[in-house]
Amino acid sequence: MYIDLLSFSPSLHHCFYHVYTAYCDLCVIHILVRHNLLTYYLMNRWILVFAALAALASAADSEKKIVCYFGSWAVYRPSGGKFDISYIQPNLCTHLIYTFVGISTEGDVRVLDSWQDLPDNWGKDGFGRFNKLREQSPETKTLIAIGGWNEGSAKYSAVVANPTIRARFVKNVVEFVKKYNFDGFDFDWEYPNQRGGKPEDVQNYISVLKELRTEFDKHGLILSAAVAAAEPSASKSYDIAAMSKYLHFINIMAYDLHGAWEKVTGHNAPLYKRKDESGNDLKLNVDASVRYWLDSGCPAEKLILGVPFYGRAFTLADKSQNGLGAPTTGPAAAGPYTRERGMLGYNEICEFFKQGGWTVVRHQEHRAPYAYKGDQWVGYDDVTSLTEKTAYINSLGLGGAMLWSIETDDFFGNCGEKYPLLKTLNAGLRGGELPKPTEQPPQTTQPPQTTQPPQTTQPPVTAPPSGICKKEGYVRDEQDCSVFYLCYNVNGVYQIQKFTCSSGTVFDPRINGCNHKHLVDGCH
């Protein structure tokens with residue numbers, strides 16, 4: 001007997017199964033999933049069918065997202081940093097997001113650079129060329145993002161507060177996404193109830209997300225959002241449990257946690273806190289941000305951890321005080337490509353290193369590097385720190401990684417292999433190969449002397465079990481399947497970070513992540 005279970009609604013699956021199995025003790029049920037026929041011989045009427053369905057759902061959930069933002073203004077950068085859509089390797093991203101379009105107070109979606117985005121009047125047709133990347137990677141989804149920092153908050157606040165204009169905005173968004181052939185829409189309002197917004201924004205934001213999702217479901221479109229990560233900001237803007245119901249996934253911008261708007265050096269995206277921090281600074285790290293979102297009701301599989309492909313940079317007040325918390329006089333000099341003081345793309349950072357004179361410090365508490373040369377200082381992420389962040393994503397069962405932004409990776413390969421940071425995310429989350437190591441400036445794992453007290457490692461670097469690190473990457477503990485390690489090479493010596501999967505799950509080397517125990521060989 002052949003039964004296409006997916007042709008019935010979920011509520012009917014259970015009912016149909018009872019009716020069928022009432023007359024059959026030994027059956028052959030064929031479950032048709034798209035074009036694949038999976039045959040299950042059932043000796044037990046209850047267990048095997050639902051185990052099969054659970055396995056299918058689990059496999060889908062275990063597929064990590066790599067969400068790649070593209071800053072379209074990079075097409076105007078000087079030679080060496082100028083980025084064309086054709087440079088994107090779409091197979092390295094599960095989702096590609098084009099930034100940005102804007103909003104009007106009447107609820108219209110505004111194209112901000114018609115010459116670059118559209119084909120009209122001999123334009124560059126950025127939208128069309130971006131979506132054409134799916135021909136190279138049909139599994140990759142494309143989205144258009146609205147908002148961003150420069151758009152501010154006031155217009156969004158006004159539009160979502162008025163039910164009539166809000167409904168018009170929802171209609172316009174659907175028409176815009178379909179007209180330009182995107183797969184979905186990313187809402188990047190920075191931020192509700194901040195920067196000219198008002199307290200009512202928090203619930204009005206939920207209303208607009210609900211209305212968007214209702215219409216999107218009719219057309220099979222994806223709805224995501226970029227959000228503030230750290231509790232001091234996110235707590236002002238979001239009803240996290242409510243918004244999570246309507247978004248397919250949520251990109252938390254776990255960067256810009258420190259920058260040249262402060263008077264002392266601080267890392268852009270530290271993974272963990274450090275001991276000498278206090279007050280709000282204890283919340284300005286990736287781990288604290290992620291746990292705030294999870295504790296506030298965001299499902300782990302919907303939470304996409306944002307990582308920066310750039311660093312935040314400072315000018316030191318005293319060259320001899322060059323650690324974290326050292327006094328500064330303002331932002332560092334602008335890079336040759338991004339041309340923004342206080343910010344350096346990874347491609348600029350690695351090229352600076354090639355010129356020589358820089359010292360890199362791998363901070364043992366933040367689990368992230370910073371570098372200095374003279375009075376110039378930058379905190380950034382590299383292959384090693386992002387490898388550790390992918391292990392962190394896997395250990396908590398998060399939905400994947402988001403990156404800002406693809407055009408500041410070393411896309412030309414001027415420092416080694418092309419797209420080293422993006423390939424690192426793929427290696428950790430999708431089982432690709434780690435990029436080949438490149439030559440680095442002198443490095444130390446001990447913070448240099450500053451006005452700060454001596455710093456200790458947090459979390460501790462665990463001594464690896466004997467012989468467990470044979471190469472860089474992930475390895476499961478031989479005695480406990482729920483424990484796994486990240487091995488990485490620092491100056492020729494393997495170092496290790498220990499992670500533990502959540503209750504009921506174990507490390508699955510096939511996906512480099514935690515999975516249900518019964519689905520992992522050797523861990524039943």
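**View 1. Phe185 and the residues around it in this predicted model.** Set aside the neighbours within four places in sequence, and Phe185 is in contact with Leu143, Ile144, Ile146, Phe169, Val173, Val177, Leu212, Phe216, Ile222, Leu223 and Ser224. See if you can find each of these partners in the structure above.

**View 2. The largest nonpolar core.** Which residues have the most contacts inside this core? They are Phe185, Phe187 and Trp293, and the core has 110 residues. Domain 1 (65-308 + 381-438) and domain 2 (473-519) each supply at least three residues to this core.

**View 3. Another core, lying apart from the largest one.** This core has 11 residues, and Ala332, Ile349, Trp358 and Val360 are among them.

**View 4. The partners of β16, strands β11 and β15.** Strand β11 (residues 310-316) runs antiparallel to β16 and is joined to it by four bridges. Strand β15 (residues 368-373) is also antiparallel to β16, again with four bridges. Which residue of β16 is the bridge partner of Phe314? That partner is Trp377, and Tyr372 stands opposite Trp377 too.

**View 5. The hairpin of β15 and β16.** Two residues lie between these strands, and Gly374 in the turn has a positive phi of about 60°.

Notes:
Residues numbered from 1 in each chain as written. Predicted model: local features only at pLDDT ≥ 70, side-chain atom pairs only at ≥ 80, totals over all residues. Heavy atoms only, no water. Core = buried A, V, L, I, M, F, W, Y, C linked by side-chain atoms within 4.5 Å. Buried < 20%, exposed > 50% of the residue type's maximum accessible area, 1.4 Å probe, protein only. Domains from an automatic or database assignment. Contact = heavy atoms within 4.5 Å. Pairing = 2+ DSSP bridges.
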